[in-house]
Amino acid sequence: MIRKYTSTDINPVLDIWLQASVKAHDFVAAEFWESQVTSMRDIYIPASKTYVFENESKVIGFYSLYENLLAANFVSPEHQGEGIGKQLMAHAKEQFSALTLNVYKDNEATYRFYLSQGFKIDNEHICEHTGCAEYAMSMNT
């Protein structure tokens with residue numbers, strides 16, 4: 001089930017974010033992602049509208065919107081490939097008629113997922129935090 005995030009969800013959300021980030025972004029040092037946990041907890045998650053995917057009282061995925069920017073869409077690595085990301089994406093599409101996001105160019109599986117969900121690549125740029133190439137993507141529902 002998808003429900004609104006509450007502050008008691010912070011630890012599983014951060015765990016999912018870190019595990020999935022390290023797995024999906026193996027072209028960026030794991031230490032970078034580890035160094036961002038505090039900012040995620042104290043700045044990014046509180047500033048965003050976040051929803052969690054819960055199964056058997058356990059949070060196994062989440063997404064965060066900052067206005068119409070899909071700032072995060074992560075599923076616990078052991079539950080990837082089960083359709084949870086698609087369900088989270090469908091829920092996010094219900095929140096705004098137009099969504100934008102940034103995804104690393106080297107994260108091919110994820111940007112292909114977003115293409116399959118109706119997003120298009122608008123431009124390519126360099127991420128100011130990692131120096132890696134990113135695609136800016138958008139969609140209108």
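This is a predicted model: local features need pLDDT of at least 70, side-chain atom pairs count only at pLDDT 80 or more; totals for chains, interfaces and linings use all residues.
Biologist: Are tyrosine 114 and phenylalanine 119 buried or exposed?

Modeller: Both tyrosine 114 and phenylalanine 119 are buried, a word that means under 20% relative accessible area, while exposed means over 50% and partly exposed covers what lies in between, all judged with a 1.4 Å probe on the protein chains only.

Biologist: How confident is the predictor, in terms of the mean pLDDT of the protein?

Modeller: The mean pLDDT is 95, on a scale of confidence in each residue that runs from 0 to 100, and 99% of the residues reach 70 or more. Among the elements, which are DSSP runs numbered from the N terminus (helices are H or I with at least four residues, strands are E with at least two), helix α5 (residues 108-116) has the lowest mean pLDDT, 94, whereas strand β1 (residues 2-4) has the highest, 98.

Biologist: How many aromatic pairs does the structure hold, and why is the pair of tryptophan 17 and tryptophan 33 called edge-to-face?

Modeller: The structure holds nine aromatic pairs. The ring centres of tryptophan 17 and tryptophan 33 are 6.0 Å apart and their planes stand at 75°; rings of Phe, Tyr and Trp (its six-membered ring) pair if their centres lie within 6.5 Å, and planes under 30 degrees apart count as stacked, over 60 as edge-to-face and the rest as tilted. With its centres inside that distance and its angle over that limit, the pair is therefore edge-to-face.

Biologist: What makes this pair a tie between parts of the chain?

Modeller: Tryptophan 17 belongs to helix α1 (residues 10-24) and tryptophan 33 to helix α2 (residues 30-35), so the pair ties together parts that are 16 residues apart in sequence.

Biologist: How do you know whether tryptophan 17 is buried or exposed, and what about tryptophan 33?

Modeller: The relative accessibility of tryptophan 17 is 5%, so tryptophan 17 counts as buried, and tryptophan 33, at 6%, counts as buried too.

Biologist: What makes tyrosine 114 and phenylalanine 119 an edge-to-face pair?

Modeller: Their rings are 5.5 Å apart, centre to centre, with 70° between the planes; the distance is within the pairing limit and the angle is over the edge-to-face limit, so that name applies.

Biologist: Which residues do ring pairs link into a cluster?

Modeller: The cluster consists of Trp17, Phe27, Phe32, Trp33 and Tyr104.

Biologist: Why does threonine 50 count as buried, and what does its side chain contact?

Modeller: Threonine 50, which is found in strand β2 (residues 49-55), has 6% relative accessibility and therefore counts as buried. Its side chain makes a polar contact of 2.7 Å with the side chain of serine 64. A polar contact is a pair of N or O atoms within 3.5 Å; within protein, one must be able to donate a hydrogen and the other to accept it, and residues adjacent in sequence count only if both atoms are side-chain atoms.

Biologist: Why is serine 138 called buried, and which side chain is joined to that of serine 138?

Modeller: Serine 138, in strand β7 (residues 133-140), has a relative accessible area of 15%, so serine 138 is buried. A polar contact of 2.7 Å joins the side chains of serine 138 and aspartate 122.

Biologist: What is phi of serine 57, and why does serine 57 count as exposed?

Modeller: Serine 57 has a positive phi of about 65°, although it is not a glycine. Serine 57 lies in the loop between β2 and β3 (58-66), and its relative accessibility is 72%, so serine 57 counts as exposed.

Biologist: What can be said of glutamate 67, and why is glutamate 67 exposed?

Modeller: Glutamate 67 sits in the loop between β3 and β4 and has a phi near 55°, a positive value in a residue other than glycine. At 57% relative accessibility, glutamate 67 therefore counts as exposed.

Biologist: How far apart are asparagine 73 and threonine 110?

Modeller: The two are 37 residues apart in sequence and 9.9 Å apart in space, C-alpha to C-alpha. Asparagine 73, in strand β4, counts as buried because its relative accessibility is 15%.

Notes: Residues are numbered from 1 along each chain as its sequence is written. Side-chain values use heavy atoms; hydrogens and water are left out.
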